[in-house]
Amino acid sequence: MFEVRTPRTGKARRALEKRAPKLVETGKKTLILHGTKTSGVLNAVLTEIYHMKKGSAVKFSRKNENIKPFESGGETSLEFFLNRTDCSIFVFGSHSKKRPDNLVIGRAYDHHIYDLVEIGVENFKPMESFKYDKKLAPQIGSKPLIAFIGEGFENVEELKHLKEVLLDLLRGEVIENLNLVGVDRAYVCTAISSNRVFLSHCGLRLKKSGTKVPRMELEEIGPSMDLVVRRHRLPNESLQKEAMKTTREKPKKKVKNVSKDAIEGKIGKIYMPDQKVGDVALPNIAKGVKRERREAKLKNGENKHASKKLKENST
Amino acid sequence: METQKQFEIDFGNLMAFNPHHTFPSLPSSREDLVKECLEKGTELVQAIAQKLFNLPSTEDVDGPLVKLPPPTTRLPREKPLPKPKPPTKWEVFAKARGIKNRKKDKIEYDEPSGTWKRRYGYDRANDEENIPIIEAKMTDVPGEDPFAKRRTDKKNRVEKQEKNRQQNLKQAAKVGALPSHVQLAATGLPITGTQAAPKKATKDELGNVAGLAASATASGGKFDKKLPGEKPAQHKGKYRKFLPVVEGKGLGSQEREQTEKVLNKLISKNSHEIFNVDKAVNMYNVKKEKKRKYQKDKSSPTSSKLKPKTKPYKKGSSSSKKGSSFSNKGSSYSKKGSSSSNKGASKKGKAK
């Protein structure tokens, strides 16, 4: 015999259900962490990526010795962290003489590493260095517009891969309904050369154009940086095939109290709670109470409002 | 509209891609580069907005809501697709027989009290446990308590249902379609991952561990009573083995080889400085001095008698044949050695 273990509290059960595989996935969480050594630039890059992705990102602040994503055996502790935090994108920063300001962006499928892109950060400009109207500042978790510019994203294999990873990292949650007021940020990625990409985070200014569609204006709000592609590892083909599976069918939501009948068609049931006549609150009858008090006062002979009364009598 | 056709737009992700742009020559300054990039980006953003603001929208308190189409760019999933739950044994059976579920009323008429009561749960209708008197039947076995029987029957039914439930869960776990909140403790299956279940210890491994544990006595488990089927205590680690130093036919030469090997290694390491002129001259001088001293000593016979003389084994071994002639044939190496040393000593005496 074996023991069947189920969560004891509803909270634990909901937490587990959240982690379970879903038919239609809505978004990926990002894990941000760094190796034994980082530079000032890299620290800033990691924090700002965290700020841009706030709400769907987890940031670790301790050094991690055993993480070397490109080496075999160097991914075990990373995969463990991904499993623990339920993240499937990670951004790993490390700094060495050979590869200064190194950023490894990778994705995971089923808590195992799926693919990797290694980039170097150059010409980094942090958020603080940009001056702009604070009204433009985007809200946390708003859906960004993403623009990719350049031939390189189609012709160069590394950039093509980088484009896919960046899209996955930046796109935010997959949603059905979008509030047009919430369109307030854009990412612009430009392929400058065959291995260099300029990435900038912009705020959107919507100006009147006389038509229904406003005129868009971009204003840099930072951070902005150059990404130099170093190494990359494409996913295993069989793994890719499995990870790309989708279903046509949408998850059915259970509709309560609605049934179908061959003759009557759609029937809905409405439940009304019992009407509790005895407990019904009566309207406030303060006026009557007041008069009673006044009369009582008159009876007692203490008439402070005597003048008023007299007046009434006189008229 | 012409420019829009050039762009690839993934509307679900609000992503636009301009695959035609190339820099004819990189702008010299950083500001120019950024400016050009933003200009191109604005075009793309405008193209997305063109479509976005023309979608049919519904007014909401917070602003106009727009329904987005699903994304077209194919990105990998986060986790594998959930597997459909396999039918339980009852469901299979019901389908084969064509049995269909039918709804039952929540309340039922309770005959003993003559009222309507809940079908299940506390204070339910027609609860057989609430019957205070059970009438005797012809078929009753004498000496059997009908109340106790009723209780055990109920217990058995509950147990059987639990067994069936676990069997169905096991079947679901095999397919990998266990409900997300259920964990089977025996196999320790992870919730979402595909990690292998931890291996059970084999009989052999357990025996080894027991053997090791048994050796934790003062005697190393030597005098302990063994249980039937228990293995002898395991000795972990090496026994140190020494080769005989004295040369003979087999093992003796092995020892020599071993030391030679080590020496060769050491010497070959420093072979480039094998001839040290200073050292050689020094050594020569010392030897010369010694020889002179020795000859001086030899001239005085009394002092030489007191000095112990050592002879290399080689000379002794050459004469060992003579020694073995009067000793036993199956004598050991050590005996031979001692005899040879005696012989050498006697020889020396003769020489004097």
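1. **The main core.** A nonpolar core is a set of buried Ala, Val, Leu, Ile, Met, Phe, Trp, Tyr and Cys residues joined through side-chain atoms within 4.5 Å. Buried means under 20% relative accessible area, exposed over 50%, and partly exposed in between, with a 1.4 Å probe and protein chains only. The largest nonpolar core has 36 residues. Those touching the most other members are A:L103, A:I119, A:F148, A:F153 and A:L162. Helix α5 of chain A, residues 157-170, gives the most to this core, with 7 residues. Helices (H or I, at least four residues) and strands (E, at least two) are DSSP runs, numbered from the N terminus.

2. **Ground rules.** This is a predicted model: local features need pLDDT of at least 70, side-chain atom pairs count only at pLDDT 80 or more, and totals for chains, interfaces and linings use all residues. Residues are numbered from 1 along each chain as its sequence is written, chains are lettered from A and ligands numbered from 1 in the order in which they are written, and side-chain values use heavy atoms, with hydrogens and water left out.

3. **Around A:L103, and a second core.** Contact means heavy atoms within 4.5 Å. Leaving aside residues up to four places away in sequence, A:L103 touches A:L42, A:V45, A:L46, A:I49, A:V91, A:F92, A:G93, A:V117, A:E118, A:I119 and A:V121. A second, separate core has 33 residues, including A:L180, B:L14, B:L38 and B:L68. In soluble globular proteins, nonpolar side chains tend to be buried together.

4. **Chain A overall.** Chain A has 8 helices and 13 strands. Of its 315 residues, 39% count as buried. Take the contacts in chain A between residues at least 6 apart in sequence: 66% of them join residues at least 24 apart.

5. **The interface by area.** In this pairing, 66 residues of chain B are in contact with 80 residues of chain A. Buried area is the accessible area (1.4 Å probe) that two parts lose on being put together, summed over both. For chain B and chain A this comes to about 6800 Å², 63% of it on carbon and sulfur atoms. Which residues of chain B lose the most area to chain A? They are B:F53, B:R77 and B:E78, together 12% of what that side buries.

6. A salt bridge is a side-chain nitrogen of Lys or Arg within 4 Å of a carboxyl oxygen of Asp or Glu. The rule finds 3 of them across the interface of chain B and chain A. B:R77 and A:E25 meet in a salt bridge through their side chains, at 3.4 Å, N to O. On the side of chain B that touches chain A, α2(B) gives the most, with 15 residues. By class, that side has 34 nonpolar, 20 polar and 12 charged residues. Here Ala, Val, Leu, Ile, Met, Phe, Trp, Tyr, Cys and Pro count as nonpolar, Asp, Glu, Lys and Arg as charged, and the others, Gly among them, as polar.

7. **Salt bridges at A:R107.** The structure holds 25 salt bridges over all chains. A:R107 pairs with A:D115 at 2.7 Å, N to O. A:D115 is buried, at 0% relative accessible area, and A:R107 is buried at 1%. A:E164 also forms a salt bridge with A:R107, the closest N and O atoms being 3.0 Å apart. This pair links distant parts of the chain: A:E164 is in helix α5 and A:R107 in strand β5 of chain A, 57 residues apart. A:E164 is partly exposed, at 24% relative accessibility.

8. **Backbone points to check.** Most residues other than glycine have a negative phi, and most peptide bonds are trans. A:D101 has a positive phi, near 50°. A:D101 sits in the loop between β4 (89-94) and β5 (102-109) of chain A, and is buried at 14% relative accessible area. Phi of A:H111 is also positive, near 65°. A:H111 lies in the loop between β5 and β6 (112-125) of chain A and is buried at 8%. A cis peptide bond joins A:G222 and A:P223, with omega about 0°. A:P223 lies in strand β11, residues 215-233, of chain A.
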